[in-house]
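Please open the model in your viewer and keep the selection panel at hand.

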Amino acid sequence: MTELFEPADARDWRLTTAGPDLLTRANAAGLLTSSDVHVATRVGALGGETDPAVLLALALAVRAVRRGSVCVRLAEAQASAGLPEEAGLAWPEPAAWEAAVAASPLTLAGVLRSEHGLLYLDRYHRLERGVCRDLLTRLDEPVPEIDGVALEVTLPLIRDEHLSPEQEMAVRGALGRTTTVLTGGPGTGKTTTVARALVLLAAQAGARGERVSVALAAPTGKAATRLQEAVAGELAGIAAQGPAAAAAVERVGQPQGVTLHRLLGWRPDNSTRFRHDRTNRLKHDVVVVDECSMVELTLMSRLLEAVRPEARLILAGDPQQLTSVGAGAVLKDLVDGLEQHPAAPVAGLTRNFRSEEDIKALATALRVGDADAVLDVLRSGSTQVQLVEAATPEEVEAALREVALAPALAVRAAALEGRAGDAVAQLDLHRLLCAHREGPFGVRHWNQRVEGWLAEDPAAALDLRGPWYAGRPLLVTRNDYALDVYNGEVGVVVRDGTRLRAHIAGSGGLQEFAPGRLDTVETMHASTIHKAQGSQASQVTVLLPDADSQLLTRELFYTAVTRAQHHVRVVGTEAAVRAAVATRAVRATGLTARLAAGARHTDDISGADSGRSAQRG
Ligand SMILES: Nc1ncnc2c1ncn2[C@@H]1O[C@H](COP(=O)(O)OP(=O)(O)OP(=O)(O)O)[C@@H](O)[C@H]1O
């Protein structure tokens, strides 16, 4: 994947004429945006650097972070840029380039940091080193001796309900160390395992005459609510076995699921600093964070600073999913980097207990990158997965109208009758997911199309003169602490007599608002795959963009299809399916190599897999 933008015309806002020729050429070729160039030239001017090669390196480091990487490997920059010859960019010779960067006043001043061929902006270098150091320190932290009697009494209670051998291994592991990275695809029992680990940890604390305080958190409100509900459900299942089990579960308490930002203590004056930090740690003895694939480097750094060193930390997630919107690929890096660590903190769950067989087969084929197998499953005539081949706008329109209008009508009908619970519950039955926000394959377009179909449908009788209408499905896009609604939560606008009310589903149930008070919501007849992370629906329709879309990656496709519990419908072309499978969204970071070097007790992070960049396989 070349990751270039195509200037619309000579006045494209991403184009600039200010700056050294090398940078403006890289800008004109679509490699650097005007802001990359401006930041590099401005920082260069402030730091006394005029060498265009060094400024190009700095601009590429800025670009890397903008695109989700933490650093850039200069030696590979030319190859991964994929610029055509005609771009006329005179790439510096790598060895001389690295030497110039090393000798630059920007490096001497600490603005740029080079390490084993990886070039970082100082902030990201500090964050990465901090995450690595905090994690490795945590892994060396001793844990209280295990009380054998309490363990023998509690293990049968959590085994009885259900616990596979790999889950039991993970649970025992969580008991024996401060930090556990629990990985697995959807339905592999991560929450089940977390709930059981909580029961064991609470029993151990009980044997020491203590009580545990548990925090459950996730990057989005929806994921936090799901975590809370799933843990509560599992605990209730264990408790139902009898008085001894109920007593063991009672020790865990009833932990609330909260967003990670809320757990850490959001501050109105600062978006990357929190009330809880190294000087004001979280009081909890056990901190569980789910959907960690969505946690960016900055947030992981703040989390590790805030958790007491002796507290238990369980980081759960699926490293195959899309990485965080912000820079870093932390969960994946932890899994790869800690693989060889003597404390063996990574516990992988592989058996899927929930999904339908063909959805599992599709997810497996995607994980291993076998495009033929993906297409075979999609075309197998299964009742669970299906490829609706649609190449032209008319074919896509027909395919989506068939699947998206009926759910929208059902939501509208419930909302008109004031049945808020039913209307919101409908949203879990079907989700239409797009890769893009804009354009013919984008969320904005399909939200408008569904609204248009509703307006045309006599059953819906929708008047589209205002943005608020009964049956408008809502997706919360940002945390609003004043209203207590959180990113990822969903809701519906419902008629209440003569007025409209917005009902949002949060961890405490439905909350009702005057629609005008909500300014962090968007319409959700369709949503992006990114925004659907951390949620699931019974049926999912995935609209694939054109095969040459820069957003189309295996991770994106995998994340989309694994949102489905019972049925996945993929709308697109064979070429798009193949392009998705062939394209990896790999980010350049040094964390894997850093962690692996830490595990080997060396400072050498020149591991072969550090500083990877996006590639089309
Ligand atoms: N060992 C097991 N035997 C039978 N059923 C199990 C087992 N482990 C988990 N399950 C069931 O499988 C389903 C999925 O488990 P769980 O919700 O814990 O998975 P998960 O990995 O957290 O999924 P997701 O990330 O998609 O929420 C649940 O219904 C759970 O009760």
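Begin with helix 18, which supplies 4 residues, the largest share of the lining of the largest cavity. Helices (H or I, at least four residues) and strands (E, at least two) are DSSP runs, numbered from the N terminus. A cavity is, on a 1 Å grid over the protein atoms alone, a set of points where a 1.4 Å probe fits but cannot get out, and lining residues have an atom within 4 Å of a point.

The model is predicted: local features need pLDDT of at least 70, side-chain atom pairs count only at pLDDT 80 or more, and totals for chains, interfaces and linings use all residues. Residues are numbered from 1 along each chain as its sequence is written, and side-chain values use heavy atoms, with hydrogens and water left out.

Next, select helix 18 (393-416) together with strand 11 (430-434); each supplies at least two residues of the lining of the largest cavity. Among the 13 lining residues, Pro-407, Ala-408, His-430, Met-524 and His-525 lie nearest the centre of this cavity. The cavity holds about 160 Å³ of space, a volume being the space filled by probe spheres set on the grid points, which are joined across faces, edges and corners.

Now move to Gly-184, Gly-185, Pro-186, Gly-187, Thr-188, Gly-189, Lys-190 and Thr-191, where UniProt, in an unreviewed entry, places the feature "binding site". Such annotations may be inferred rather than shown by experiment; feature names are shortened and positions follow the numbering used here.

Within this set, select Gly-185, in the loop between strand 4 (179-183) and helix 10 (190-207). Is Gly-185 buried or exposed? Gly-185 is buried, with a relative accessible area of 10%; buried means under 20% relative accessible area, exposed over 50%, and partly exposed in between (1.4 Å probe, protein chains only). Leaving aside residues up to four places away in sequence, Gly-185 touches Lys-190, Asp-318, Leu-349 and Tyr-558, contact meaning heavy atoms within 4.5 Å.

Thr-188 lies in the loop between strand 4 and helix 10 and is buried, at 3% relative accessibility. Beyond four places in sequence, Thr-188 touches Gln-167, Leu-349, Thr-350, Arg-351, Asn-352 and Phe-353.

Finally, select helix 14 (residues 297-306), where 10 of 10 residues are buried. Display helix 7 (122-140), helix 13 (260-264), strand 7 (286-289), strand 8 (312-317) and helix 15 (330-337) as well: the buried residues of helix 14 pack against these elements.

How values were computed
On a 1 Å grid over the protein atoms alone, a cavity is a set of points where a 1.4 Å probe fits but cannot get out, and a pocket is an open set with protein on both sides within 12 Å along at least five of seven lines; lining residues have an atom within 4 Å of a point.
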